[in-house]
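Please read them alongside the coordinates.

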Amino acid sequence: MDEDESMNMDVDNGDGQASHGFQQASAEAGPSMLSNRLSSPMTRSTGPSPRQSRLTTPIISRSASVNRDDWYPIEESETRSFNILYVPDPSRAVSRREAESDLAWATREITFRQFDAIKDLTGFVYKQRENKTGVKVRVTEWLWFILQMDDYDKGEAFKIDFMPWDTFRDIVLNPKADPTAWNGLASKDGIIGGIDYSIDYRSDQNAYGLDKGRLARYEMIAQLKGNYSPFTSQLEDGADIQEDTVLKRSNSDCGKHIILPSAASKYRTWNHLRSCINDDEIWMAQEYVETLGTIGEWRAFVIGGRIMSVVHTHKRSDGMWTGVQTESFLKTEEIKELIEHAPKPINAAELRKNIVNPQSGTILVRDDGKSQFRNFVLDTWRDLVLRETRLGGAKSSLAVFCRMDIGLKFLPEGPPQYFVNEVERSPTTSLWFSCNPSNTMGTMADTFAMVFRQWIKDIRNPYVL
């Protein structure tokens, strides 16, 4: 979720009027804008609140006993609906056949109105069949996630538009060609997606680079309370590829474009690496932590400071990823004892079976194991949010949503330690819905809607830091 500079200016549309409206879902789309309107949700604040010039409530005085998280003005925040534009990431579009097995897709039933709003987003939704109550579709996780926000707060929290990337790109690059379309963008309270892919990630100068900027976050995570984090560096084109490193491509998800040291040599060549990137993507080399291959990692989804879901994933011998919803955890002391007494050589599959979702031990011991994991995740998350908030001057978008990928590091002495392998927060982050087919994850979507709405209010409110 990007916090780009706002587009809060109008362009004259030729008749002296500034147009802000997008086409309704039931209206005929104009020649320059394929956007459809839903009566509800998601990122980037674009423009000052109409209430800000009228707020007269003084800032609440602070003291050592005041919790900063509760430091809000006495006057209520805005209660209107927020206008949000969603632009699907073009690199995530796939064919109908690919969508059937893609881990970043889900099968859901949506309303006829919702389908009508997204049906033109080619490569992001495929109709399967209709029934009396709606349309069964194969849809990307994030597109469904946003559609669910339509019903949040009885449909009064958000008004959402959808727009294909190429339409959005053309408007941004040449706003004078269609002032009405530009003013439509400028009127939005937030834009999710799109703008990330109008930049060159390899540029040292851009503020959203995935090279030094992203690598700096790895270093920052490692500095938090002395936590371990695997060393990561950008892999320059043509540079030597170290045998003991994991190769990761930017803009990957669901474990795609991650090449382990054990991969066939043909995949660890520049001929192959170059064939897997676009101009706006890079490869990174990361220190290989063996347990990521043998044990796997836990994907913890944090929304508004709450762990909403944890999925344990690992890469199978056939190169495909698999995962399972995780509710139970061993204590790290138990893991150490398990490793010490395991028959040698250790069988990775049997080790995972004993570590992930343990089914033995008293409830008190299992609660201790869960607390160890949750405390590590939330303590690290809280420190990251505070650091970004201090640096940026506004509450970090990590406070809204992020996925923290957690691994285990074994030390020469003592129990193993959890460490952060990656932190993701973009609207292309895999949600791993496929690992929980019996749960639509509606609670997760509704919680995101609630937290995102509050975040939008906060960043538009001059009294809230």
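In which loop is Pro345 found? The second point below takes up this question, after a brief overview of the model.

1. Overview. The model is a predicted one. The protein has 465 residues, of which 51% are buried. Its secondary structure comprises 12 helices and 16 strands.

2. Pro345 is located in the loop between α9 and α10. The peptide bond that joins Lys344 to Pro345 is cis, with omega about -5°.

3. Helix α9 covers residues 332-341 and helix α10 covers residues 348-355; their axes come within 11 Å and cross at roughly 150°. Because angles over 145 degrees count as roughly antiparallel, α9 and α10 are roughly antiparallel to each other. The crossing of α9 past α10 is right-handed. On the α9 side, the contact is made by Ile335, Leu338 and Ile339, and on the α10 side by Leu351, Asn354 and Ile355.

4. Lys154. This residue is not a glycine, yet its phi is positive, near 60°. Most residues other than glycine have a negative phi. Lys154 lies in the loop between α3 (141-148) and β6 (158-162). Its relative accessibility is 78%, so Lys154 counts as exposed, the cut-off being over 50%.

5. Trp432. A positive phi, about 55°, is also assigned to Trp432, which is not a glycine. Trp432 is placed in the loop between β16 (417-424) and α12 (442-459). Is Trp432 buried or exposed? With a relative accessible area of 1%, Trp432 is buried, since the limit for that class is under 20%.

6. Helix α11. This helix has 30 residues, 363-392. At 1.5 Å a residue, α11 should span 44 Å, and its end C-alpha atoms are 42 Å apart, which agrees with that expectation. Gly393 follows α11 and has a positive phi, near 85°.

Note on methods: Residues numbered from 1 in each chain as written. Predicted model: local features only at pLDDT ≥ 70, side-chain atom pairs only at ≥ 80, totals over all residues. Heavy atoms only, no water. Helix = DSSP H or I, 4+ residues; strand = E, 2+ residues; numbered from the N terminus. Expected span 1.5 Å × (residues − 1). Buried < 20%, exposed > 50% of the residue type's maximum accessible area, 1.4 Å probe, protein only. Axes fitted to C-alpha atoms, helices over the stretch in contact; angles between N-to-C directions. Parallel < 35°, antiparallel > 145°, perpendicular 65-115°, else oblique. Left-handed = near helix turned anticlockwise from the far one by under 90°. Contact = heavy atoms within 4.5 Å.
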